[in-house]
Amino acid sequence: MRERLSLTLPSDLLVRLNDLADRRRLSRSAVAEAAIASFLSPDAQDMREAAFTRRLDRLSRQTARLERDMRLTADTLALFIRHWLTVTPQLPPEENAAAHTRGLKRFDGFVQTLGTRLQQGSSFLSEIPDDIPEHKDDADV
């Protein structure tokens, strides 16, 4: 059984209703009925909530991955700096110019290698397993 409903709509909403009905080749009543049914459907709210939940879960996983990568990068840099400072003797002042020149050449090689890896899409972080166990640093023990 169908009942008649009379309502008034703002003119801009009525224009949009007419446009949609014309594009879909439906009556205005059919479009309004589908919109009202969708609005009143409890499933529609559940579907929106599920979509938001999936999106938030994906964002949480991405954030956790970024945090892991940042920790790994910072720890790697700290270990490298500690090692470099430990094993690299200080140069006498007369050798600084030659060491600077060698350093520039080595840095250029590093930049070229980094550029090649980036162009190939390879990343050091992708070589590290996701499930690295947490270890305490020697200084923390």
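Phe-107 is partly exposed, with a relative accessible area of 48%, where partly exposed lies between buried (under 20%) and exposed (over 50%), for a 1.4 Å probe and protein chains only. This is a predicted model, in which local features need pLDDT of at least 70 and side-chain atom pairs count only at pLDDT 80 or more, while totals for chains, interfaces and linings use all residues. Residues are numbered from 1 along each chain as its sequence is written, and side-chain values use heavy atoms, leaving out hydrogens and water.

Phe-110 is also partly exposed, at 47% relative accessibility. Both Phe-107 and Phe-110 lie in helix α4 (residues 96-120), three residues apart, about one turn of the helix; helices are DSSP runs (H or I, at least four residues), numbered from the N terminus. The structure holds one aromatic pair. The ring centres of Phe-107 and Phe-110 are 5.9 Å apart and their planes stand at 35 degrees, so the pair is tilted. Rings pair if their centres lie within 6.5 Å, and planes under 30 degrees apart count as stacked, over 60 as edge-to-face and the rest as tilted.

The structure holds three salt bridges, each a side-chain nitrogen of Lys or Arg within 4 Å of a carboxyl oxygen of Asp or Glu.

| Salt bridge | N to O distance |
|---|---|
| Glu-33 and Arg-2 | 2.8 Å |
| Asp-69 and Arg-65 | 3.5 Å |
| Arg-68 and Asp-69 | 2.9 Å |

Glu-33 in helix α2 and Arg-2 in the segment before α1 are 31 residues apart, and their pair links distant parts of the chain. Glu-33 is partly exposed at 43%, whereas Arg-2 is exposed at 68%.

Arg-65, Arg-68 and Asp-69 are linked in a network of salt bridges. Asp-69 and Arg-65 both lie in helix α3, four residues apart. Asp-69 is buried, with a relative accessible area of 14%, and Arg-68 is buried at 13%, while Arg-65 is partly exposed at 32%.

Two surface patches follow. Leu-5, Leu-7, Leu-9, Leu-13, Ile-36, Phe-39 and Leu-40 form a nonpolar patch with about 740 Å² of accessible area together. Patch residues have over 30% relative accessible area and no salt bridge, with nonpolar side chains joined within 5 Å and like charges within 9 Å. Helix α2 (residues 28-40) gives the most to the nonpolar patch, with three residues. Ile-36 is found in helix α2 and is partly exposed at 41% relative accessibility.

Arg-54, Arg-55, Arg-58 and Arg-61 gather in a patch of positive charge. Arg-58 has its place in helix α3 (residues 42-87) and is partly exposed at 38%.

Technical notes. Areas by Shrake-Rupley, 256 points an atom, 1.4 Å probe, with all protein chains shown as cover. Lys, Arg positive; Asp, Glu negative; His and termini not counted. Charge placed at Lys NZ, Arg CZ, Asp CG, Glu CD. Helix = DSSP H or I, 4+ residues; strand = E, 2+ residues; numbered from the N terminus. Phe/Tyr/Trp six-rings, centres within 6.5 Å; stacked < 30°, edge-to-face > 60°.
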